[in-house]
Amino acid sequence: MRGIIIAKYTNAERMFRVLERKEPDMVPHFELGIDRKVMNKILPGASFEEFIEHMDWDALMSIDRDFWEVEVLDESRRIFRDEWGTLKSYTHEYVPVPLEATIKSEKELENYQPPDPDKESRFEQIQRWVKRYKGERAIIAMVMDHNSMTSDLLGFEERLMAFYTNPELVLRVHQMVLDYFLRYINNVIEAGADIILIGGDWAYKNGPMFSLEHYHKFVLPPFKAMVQQAKKRGVYVMKHSDGNCWSFLDSIIEAGVDGFHPIDPTADMDIGEAKQKYGDRLCLIGNVDCAATLSFGTVEEVRQETKDVIRKAGVGGGLIVASSNTIHSAVKPENYVEMVRAIREYGQYPLDIKALS
């Protein structure tokens with residue numbers, strides 16, 4: 001250990017400094033999500049707030065979960081219809097998966113009514129956190145991007161085919177979803193969010209889900225509008241996407257994004273290379289491997305990988321260490337605890353590069 005940690009900044013200030021690519025007192029940490037079973041093994045019976053205080057997360061993240069579950073159709077199979085009308089099911093993880101599209105024709109689109117982005121209950125969690133944590137821990141509101149929501153509404157394969165066969169349909173649905181999220185973003189900022197995190201995967205392990213031509217036509221323009229809506233209100237913006245995203249990063253930065261998560265190590269996204277190429281323009285968030293190391297590795301392997309991430313990308317600030325996606329149900333609780341311990345031990349500034357080797 002490097003001795004007693006004396007905090008120079010609040011957890012929130014630490015997050016803001018790294019999003020501005022400045023050096024804080026120590027490397028920050030938070031997660032996009034953590035499975036309840038893992039939480040209970042570490043701190044039995046704790047609420048989410050009690051857990052993040054115990055682990056000393058630098059930020060809390062709220063998801064608009066109201067749209068996830070509206071009408072339960074089969075309780076035993078955990079099948080429901082969400083607020084957007086999409087048929088979904090819960091697996092053993094806490095994030096549901098779509099089973100059936102909502103809009104199957106242009107006629108159905110004509111009669112479709114999206115949910116209300118001004119619904120008061122959407123903002124209750126953030127409002128509670130603002131009263132409890134504002135200025136102490138950064139408050140993040142996660143927004144699913146228009147691309148992911150359109151995939152739910154039209155169906156994943158159907159949406160990709162429509163890029164070719166019915167591009168006007170895609171553009172109409174994108175605009176409808178964008179209108180919703182522009183209002184939602186404004187509302188969560190009014191409620192007190194410090195950071196907007198735009199979720200939704202754009203890539204597979206080996207590369208993009210769509211051609212760059214379709215990316216620039218269908219995906220990037222609405223994304224830019226979402227980023228600009230947040231930036232003009234003075235908040236920071238992060239983007240999440242799994243997969244190999246090298247071909248997107250320049251345009252993501254040009255759109256005004258401050259941080260990118262998770263620099264997917266299973267998709268040839270080396271965080272050292274990302275630091276070298278983009279570290280002066282982009283805060284890097286990640287990338288301790290939750291598919292392998294955190295789930296199946298030893299405590300010592302977790303410790304070493306965490307040190308490697310800090311060594312590769314921590315110099316000068318601009319790094320938030322987290323898992324390479326979320327702390328899902330297969331992550332060993334002791335491995336997650338060790339990752340956080342290593343961040344706090346080896347992530348103190350000025351970094352001790354010799355100790356990180």
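Residues are numbered from 1 along each chain as its sequence is written, and side-chain values use heavy atoms, with hydrogens and water left out. Because the model is predicted, local features need pLDDT of at least 70 and side-chain atom pairs count only at pLDDT 80 or more, whereas totals for chains, interfaces and linings use all residues.

**View 1. The largest nonpolar core and Met 238.** The largest nonpolar core has 116 residues, a nonpolar core being a set of buried Ala, Val, Leu, Ile, Met, Phe, Trp, Tyr and Cys residues joined through side-chain atoms within 4.5 Å. Phe 30, Ile 196, Met 238 and Tyr 336 have the most contacts inside this core, to which helix α8 (residues 167–191) gives the most, with 14 residues. Helices (H or I, at least four residues) and strands (E, at least two) are DSSP runs, numbered from the N terminus. Beyond its neighbours within four places in sequence, Met 238 is in contact with residues including Met 15, Phe 30, Ile 196, Val 257 and Ile 320, where contact means heavy atoms within 4.5 Å.

**View 2. The lining of the largest pocket.** A pocket is an open set of points on a 1 Å grid over the protein atoms alone, where a 1.4 Å probe fits, with protein on both sides within 12 Å along at least five of seven lines, and lining residues have an atom within 4 Å of a point. The largest pocket is lined by 36 residues, of which Val 95, Pro 96, Pro 98, Met 144 and Asp 201 lie nearest its centre. Among the elements giving two or more residues to this lining are β5 (97–100) and α7 (156–165), while the largest share, five residues, comes from α6.

**View 3. Thr 293 in helix α12.** Thr 293 is placed in helix α12 (residues 293–296) and counts as buried because its relative accessibility is 10%. Leaving out residues up to four places away in sequence, Thr 293 touches Glu 301, Val 302, Glu 305 and Asn 335.

Note on methods. Buried < 20%, exposed > 50% of the residue type's maximum accessible area, 1.4 Å probe, protein only.
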